[in-house]
Every structure is written in C-alpha cells, then in structure tokens.
Amino acid sequence: MDNSIPVVSKIFCSGNPTMLMIRRRPIVVNGGGFVVTDLSHNVVFIVDGCGILGSKGEIMVKDGEGEPILFISKKGGIVQALSTRNKWNGYSMDYQGKDKLVFSLTDPKSCIAQGAPIRIHIEPKRHCKNWDFEIGGSFADRDCTIVDCTRKIVAQMGRKELIGGKDFYHVEVQSGYDQAFIIGVMAILDNIHGESTRC
C-alpha cells in the first residue's frame, strides 16, 4: 500500500523519514539561495532566489542535478496590495518547462494579521476543507513545524548545534511526504524573513 502524499512529484516522497541539511549561500558570493544535502552529503536540491533569478518574489527549486522542478512566485497587483496577507504560488515544472499550480501559501503581512497562521493550500483541492498544511513556530529561530489538517507532523526544522549560526540547519520530513514541496516551503519562509533568497 502506497501512503505517499505527492505535491510536486511522487519521486520526491520517501518511504522513511528523511533528514535534509540546508546550507545558505551568501548573496554577495554566488547570488544567495541555499543547497540541500542528505546525511551522506549528496546534493538533493538547490534553491535559487532573487540574486540568481534577478526578480524579487521569485524562487526556483532544482533537483540535485540542477533541473528546475518547482517555480515559486509572490502574487502581486492591486488586490494583493490591499490584502492583509501575502500569497505565494508554487508551480511544478516538467521537462518541457511547462508549469502547473500545485500549492499556494498565504502569510500575514500587516500588524493586524500578525500572529495569524501561515497556511498552505494544495492544488487540486484535497480532502481538507479550508487548508491542507499549517506552519507553526519560528523560522527565524530555526524552530518550526509543518502539520497537515489533522495536526499530524509532516516536517520539523531545527538548528545544527555544532555548526552555529543560522546558515546551516536541518529539516526532517516524515515518510510519504514530498521533500521538494517541503523545501519549497522553506524557501518561501527564507524569503519572507528577508534571508538568502531575497534581494
């Protein structure tokens, strides 16, 4: 029986919990973003932000071989400017470069909405009514958790004690969940907090 929950693709779902190590790249040296490795130090994902792409509010997640798999953009326009929340859309990329909306993430942007949860909606709609995933905790402190709509932990982030600083941290993705999707969410949180994917 297959219990995988793909968002970007089933190939990024593992049958076991997976620890991913995230190392931020300096913006001044190589355009920012970050590199994601497994515990054997194999590059699994590469995340490019504004310093590479040249556009604010755009993020690209690539597989370990450098092929684009997820394009993320911050929604703009007058309606968005008047909203109390920012909206980010994630599009899966295929070998022809075509994209398909696979998720959207909303985060509070004003003092009125501060403290409101960051929620993620999966496309096409799934069994959850209002939202599919929710982020709690503090990304800035490298202590946050992603839960599904039943409150089951999907992924948990933590800081590597021995390496120090905020440039190196880990995220543990539970079995069956899409690792590319989780890294895409980490990239959005990085951008929201003005870190390595932002100009």
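This is a predicted model: local features need pLDDT of at least 70, side-chain atom pairs count only at pLDDT 80 or more; totals for chains, interfaces and linings use all residues.
Which ring does the charged end of Arg142 sit over? Select Arg142 and Phe139 to see. The charged end lies over the ring of Phe139, 4.6 Å from its centre.

**Stop 1: the whole chain**

Zoom out and colour by secondary structure. The protein has four helices and 12 strands. It contains 199 residues, and 46% of them count as buried. Among contacts with a separation of 6 or more, 39% join residues 24 or more positions apart.

**Stop 2: strand β12**

Go back to Tyr169 and show strand β12 around it. Tyr169 in β12 stands opposite Ile22. Display β1 as well. β1 and β12 are antiparallel, paired over six bridges.

Next, select β11, residues 153-159. β11 and β12 also run antiparallel, joined by five bridges. Pick Met157 here: Val171 in β12 stands opposite it. Finish with a surface view of β12. Five of its six residues are buried, so the strand is mostly covered.

**Stop 3: aromatic pairs**

Show the aromatic side chains. The structure holds five aromatic pairs. Start with Phe12 and Phe45. Their rings form a tilted pair, 5.6 Å centre to centre, with 50° between the planes. Phe12 lies in the segment before β1, and Phe45 in strand β3 (residues 43-48), so the pair ties together parts that are 33 residues apart in sequence.

Move on to Phe133 and Tyr177. The ring centres are 6.4 Å apart and the planes are at 80°, so this pair is edge-to-face. Phe133 belongs to strand β9 (residues 133-138), while Tyr177 sits in the loop between β12 and α4. The two residues are 44 apart, and their pair links distant parts of the chain. Phe133 counts as buried at 4% relative accessibility. Tyr177 is buried as well, with a relative accessible area of 5%.

Ring pairs link Phe103, Phe133, Tyr177 and Phe181 into a cluster.

**Stop 4: the nonpolar core**

Centre the view on Phe103. Which residues have the most contacts inside the largest nonpolar core? They are Phe103, Phe181 and Ile183, in a core of 42 residues. Highlight α4 next. This helix gives the most to the core, with nine residues.

Now show what surrounds Phe103. Leaving aside neighbours within four places in sequence, its contacts include Val7, Leu70, Ile72 and Trp88. Phe181 and Ile188 are among them too.

**Stop 5: His121**

Select His121 in strand β8, residues 118-122. Find the polar atom of its side chain that lies 2.9 Å from the backbone oxygen of Asn130. Then show the residues around His121.

Notes. Residues are numbered from 1 along each chain as its sequence is written. Side-chain values use heavy atoms; hydrogens and water are left out. A polar contact is a pair of N or O atoms within 3.5 Å; within protein, one must be able to donate a hydrogen and the other to accept it, and residues adjacent in sequence count only if both atoms are side-chain atoms. Rings of Phe, Tyr and Trp (its six-membered ring) pair if their centres lie within 6.5 Å; planes under 30 degrees apart count as stacked, over 60 as edge-to-face and the rest as tilted. Buried means under 20% relative accessible area, exposed over 50%, partly exposed in between (1.4 Å probe, protein chains only). A charge sits over a ring if NZ of Lys or CZ of Arg is within 6 Å of the ring centre and within 35 degrees of the ring normal. Two strands pair if DSSP finds at least two bridges between them. A nonpolar core is a set of buried Ala, Val, Leu, Ile, Met, Phe, Trp, Tyr and Cys residues joined through side-chain atoms within 4.5 Å. Contact means heavy atoms within 4.5 Å.
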